[in-house]
Amino acid sequence: MGETITVTVNGTAHTAEVEPRTLLVHFLREQLNLTGTHIGCDTSTCGCCTVHLDGDAVLSCSTLAVQCDGREVRTVEGLQAADGTLHPIQQAFHENHGLQCGYCTPGMMMAAVGIIEQQPNATDEEIRDALEGNLCRCTGYQNIVASIRAAADQMARS
Amino acid sequence: MIPSTLEYTKASSIDEAVAAVAAGAVPLSGGQSLMPMMRLRLAAPHAIVDLSGIPELVGICEDEDEIAVGAMTIHREVAASQLIREHAGLVADAAGGIGSPQVRNRGTIGGSLGHADPHSDMPATLIAAGASVIAKGPNGERRILVEDLITTYLTTTLEPGEIITQVRIPKSDDHSAYAKFHRRAIDWTVVGVGVCIGDDGVRAAATGVADKPVRLTAFEAVLNGGGSLDDAIAKVAEGIEPHAGLDGSAEYKKHLLGVLARKAHAEASSR
């Protein structure tokens with residue numbers, strides 16, 4: 001029943017056998033032990049499981065692992081540089097208190113990187129619009145938007 | 001939850017996909033409707049065929065009269081297409097408002113039509129725009145008006161083995177817009193209305209008010225007969241009996257129809 005797939009995750013190629021029904025999020029968390037990607041809602045509503053597939057922000061709970069064969073996935077673990085330097089979005093969430101309980105944070109940051117890449121000059125209103133697929137149950141949106149604003153400015157400068 | 005056990009194949013051509021679907025596999029396009037249903041076990045296909053490896057199903061091009069949108073073209077591309085914005089602005093409006101950026105990065109125009117959810121944004125706008133789909137099956141290819149495609153909840157007139165390969169949108173100079181109401185960001189559309197205003201009259205269609213997207217024929221008739229917008233709005237729900245649900249009563253949805261028809265009409269007129 002198993003399918004052999006090779007997926008490049010955060011720059012490293014992983015070859016593994018998966019059941020066809022395995023969701024990308026389960027493959028990442030349970031087979032690769034990359035537990036930074038969270039499972040929130042099971043209904044494609046919360047955005048906690050957001051990762052990048054070939055550069056696009058997608059929901060890893062709504063994608064099969066087999067569909068990622070031969071493709072590149074980036075998770076929250078792949079944001080930080082090899083030398084431990086935080087990605088500007090991580091630094092900005094840290095400095096602007098962009099998280100409270102932290103559960104939505106990996107998905108928020110992956111969505112945020114997607115927003116900044118697609119709309120580098122997004123206004124605060126556009127950032128809020130683009131976050132429609134990510135829920136923060138602590139309702140910490142003010143600081144999340146401030147963090148994304150700060151990271152976008154930082155990334156535009158560098 | 002975890003989907004139930006299934007066989008997976010990835011088609012590399014339309015013919016291969018048609019053969020798999022004819023043999024009983026369920027086509028998987030962007031997976032933004034089917035995957036959640038599989039996770040909740042509302043759907044448990046024994047086999048799925050992934051359409052993402054068929055290059056000719058992706059992309060937007062034009063001929064003299066129509067825009068041809070590959071069925072696997074994602075909502076983000078439809079929303080960003082200048083060609084669609086120019087000739088069928090309401091379709092771009094709808095595509096840009098579906099789900100969230102994550103959903104628009106995966107969900108496809110063909111998948112949205114084939115899934116036939118009565119609250120989808122895309123089918124109503126394509127009906128108002130007079131669009132058709134090209135369906136390919138074991139017996140060849142045929143063209144179906146989107147208006148004739150969806151019959152009721154999650155049900156289409158596609159024959160066994162047929163898949164949607166292309167959506168064809170007439171090129172027009174119509175001024176058009178889509179207006180919808182949903183309770184929270186990313187939530188299902190409660191009611192949505194698409195309006196096209198052209199030299200040959202007004203066409204309008206709505207989602208969320210029946211078991212399928214519907215033409216707003218009474219609204220169209222008043223405007224096309226020279227009546228006022230107020231009179232058209234007063235008749236917009238004629239012949240329509242929305243289902244009451246957790247998202248609102250029938251009366252409330254009829255009220256939304258009027259509000260949104262006015263909003264879409266105003267936006268279309270201003271373009």
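How many helices and strands does chain B have? The count is twelve helices and 14 strands, where helices (H or I, at least four residues) and strands (E, at least two) are DSSP runs numbered from the N terminus. Before going further, a word on the ground rules: this is a predicted model, in which local features need pLDDT of at least 70, side-chain atom pairs count only at pLDDT 80 or more, and totals for chains, interfaces and linings use all residues. Residues are numbered from 1 along each chain as its sequence is written, while chains are lettered from A and ligands numbered from 1 in the order in which they are written.

Let's stay with chain B. Its radius of gyration is 18 Å, close to the 18 Å that the globule rule gives for 271 residues, so chain B is as compact as a globular protein of that length. That radius is taken over C-alpha atoms, and the rule is 2.2 Å times the number of residues to the power 0.38. Along the principal axes, the C-alpha trace of chain B spans about 55 × 45 × 30 Å. Buried residues make up 52% of the 271; buried here says that 20 or more other C-beta atoms, placed from the backbone, lie within 10 Å of the residue's own.

Now for a sheet in chain B. Four strands form an open, antiparallel sheet in the order E11-E12-E13-E14, with pairing taken as at least two DSSP bridges between two strands. Strands E11 (175-181) and E14 (214-215) of chain B stand at the edges with a single partner strand each, so one side of each is left without a neighbour in the sheet. E11(B) pairs with E12 (residues 191-198) of chain B over seven bridges, and Ser176(B) has Cys196(B) as its bridge partner in E12(B).

Two helices lie across these strands. H12 (residues 250-269) of chain B lies across E11, E12 and E13, at about 35 degrees to E12(B). Axes are lines fitted to C-alpha atoms, for helices over the stretch in contact, and angles run from 0 to 180 degrees between N-to-C directions.

Finally, the partner chain. 24 residues of chain B are in contact with 24 residues of chain A, contact being C-beta atoms, placed from the backbone, within 7 Å. On the chain B side, strand E1 (7-10), helix H2 (34-39) and helix H6 (101-104) are the elements giving two or more residues.

Note on methods
A residue is buried if 20 or more other C-beta atoms lie within 10 Å of its own, exposed if 12 or fewer, and partly exposed in between; C-beta atoms are placed from the backbone.
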